[in-house]
Amino acid sequence: MSDSTRWSRRRIVLTSAAGLLLLGVLYVGVTFVQVVWASRGGDTRPVDAIVVLGAAQYDGRPSPVLEARLDAALVLYEQGVAPVIITTGSNQEGDRFTEGFTGFTYLRDQGVPEDDLRIVVDGTNTFEELSATANVLLDEGLGDEVVLVSDPYHALRAVEIAREVGLDAWFSPTDLDSAVRQLVRETAGVSVGRLVGFRRVS
């Protein structure tokens, strides 16, 4: 093989690699813009259930993040967005209470009737929580239209996961700010999830 032939093949390989790298950068860049854009909005309408995504709890007391999500869900409930609120989230090793049960007791103490509350404690991540939520909605015949309540940075990934598990989802954010590191992490999660499926990422 001549030197010119080797160089020609090497140039093709290098050009292809550079092209793939550029496409990857563009893909991630576009996804980041979508994550940021989604974090700045929200869309609510009458649905079958309001779903509060889990966050940390401290021995049965909501963390500030979880409390913000629960308060936002309560406002939606009082506005008549949905007749049911579903609180989600399991517990860490050693915890006496789950995130879902903590959310349930918080909302009950705020005056929401127990009949209008559901608890989902299966799941340590968003995919597992929403998959279990979809099963509860199906089992009870409540419907599949939901408004998800979480922090702003979580909007795009949460909605896309919900759709993957069969839910027709909209998103209502809390008033909390989104840090750059949170937006970057979500960008990574969405970028990979769209390629291989959010089930695998979870």
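**Reading the model step by step**

Tutor: Of the 202 residues in the protein, 45% are buried, where buried means under 20% relative accessible area, exposed over 50% and partly exposed in between, with a 1.4 Å probe and protein chains only. This is a predicted model, in which local features need pLDDT of at least 70 and side-chain atom pairs count only at pLDDT 80 or more, while totals for chains, interfaces and linings use all residues. Residues are numbered from 1 along each chain as its sequence is written, and side-chain values use heavy atoms, with hydrogens and water left out.

Student: In which order do the strands of the open sheet lie?

Tutor: Two strands pair if DSSP finds at least two bridges between them. Here five strands form the open sheet, with parallel pairing and the order 5-4-1-6-7. Strand 5 (117-120) and strand 7 (168-173) each have a single partner strand, so one side of each is left without a neighbour in the sheet. Six bridges join strand 6 (residues 145-150) to strand 7 in the parallel sense, and V147 stands opposite W170 in strand 7.

Student: What lies across strand 6 and strand 7?

Tutor: Angles run from 0 to 180 degrees between N-to-C directions, and axes are lines fitted to C-alpha atoms, for helices over the stretch in contact; contact means heavy atoms within 4.5 Å. Helix 5 (residues 155-164) lies across both strands, at about 160 degrees to strand 7.

Student: What span should I expect for helix 6?

Tutor: The expected span of a helix is 1.5 Å times one less than its number of residues. Helix 6 (residues 180-196) has 17 residues and should therefore span 24 Å, which agrees with the 24 Å between its end C-alpha atoms. Its buried residues include L183, V190 and G193. After helix 6 comes G197, with a positive phi near 100 degrees.

Key: Helices (H or I, at least four residues) and strands (E, at least two) are DSSP runs, numbered from the N terminus.
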